[in-house]
Amino acid sequence: MEKFEIVVLPEVLNFIDKLPLILIQEGYLSTYENALRFAEDIISFMEQIPQSDSFQLEEIAKQHFSFLGDDLKYSLFRRKSSPQTTWYIFFSQKGNRFIIKYVTNNHFEGQFIR
């Protein structure tokens, strides 16, 4: 079995740490337990990035997300319980090393993707 290294940038970890409170404050989820589980699901998905489908950015997305650097790809994450929200996990890959650089969703920056 091929071994992969997943590196998550501190900014991404900081966002994921804050995400449960954001989800509750914005009214997307009603309990902290559910919001925490949601954040944990995103982290679990990040661990599966090497096996997930990934996509290249189109030109408008490359321009918008240029602050993340070149050779950027993204994978999609959806929960069955909230199919109207797609999360985009942005990463770069160097060999077997995947660097998670940014997380957003279709409600926030989806207009730039696909």
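The lining of the largest pocket comprises 11 nonpolar, 7 polar and 1 charged residues (Ala, Val, Leu, Ile, Met, Phe, Trp, Tyr, Cys and Pro count as nonpolar; Asp, Glu, Lys and Arg as charged; the others, Gly among them, as polar). The model is predicted, and totals for linings use all residues, whereas local features need pLDDT of at least 70 and side-chain atom pairs pLDDT 80 or more. Residues are numbered from 1 along each chain, and side-chain values use heavy atoms, without hydrogens and water.

This pocket holds about 430 Å³ of space. Of its 19 lining residues, Leu19, Leu23, Tyr28, Trp87 and Asn105 lie nearest the centre. Each element tabulated here supplies at least two lining residues.

| Element | Residues |
|---|---|
| α1 | 10-25 |
| β4 | 82-94 |
| β5 | 97-105 |
| α4 | 106-109 |

Helix α1 also packs against α2 (residues 32-47), at an angle of about 150° with axes 8 Å apart. The two helices are therefore roughly antiparallel (angles over 145 degrees). Their contact (heavy atoms within 4.5 Å) involves residues including Leu19 and Leu23 of α1 and Phe38 and Ile42 of α2. By class, this contact has 15 nonpolar, no polar and no charged residues.

Note on methods. 1 Å grid on protein atoms, 1.4 Å probe; cavity = no way out; pocket = protein on both sides within 12 Å on 5 of 7 lines; lining within 4 Å. Points joined across faces, edges and corners; volume = space filled by probe spheres on them. Helix = DSSP H or I, 4+ residues; strand = E, 2+ residues; numbered from the N terminus. Axes fitted to C-alpha atoms, helices over the stretch in contact; angles between N-to-C directions. Parallel < 35°, antiparallel > 145°, perpendicular 65-115°, else oblique.
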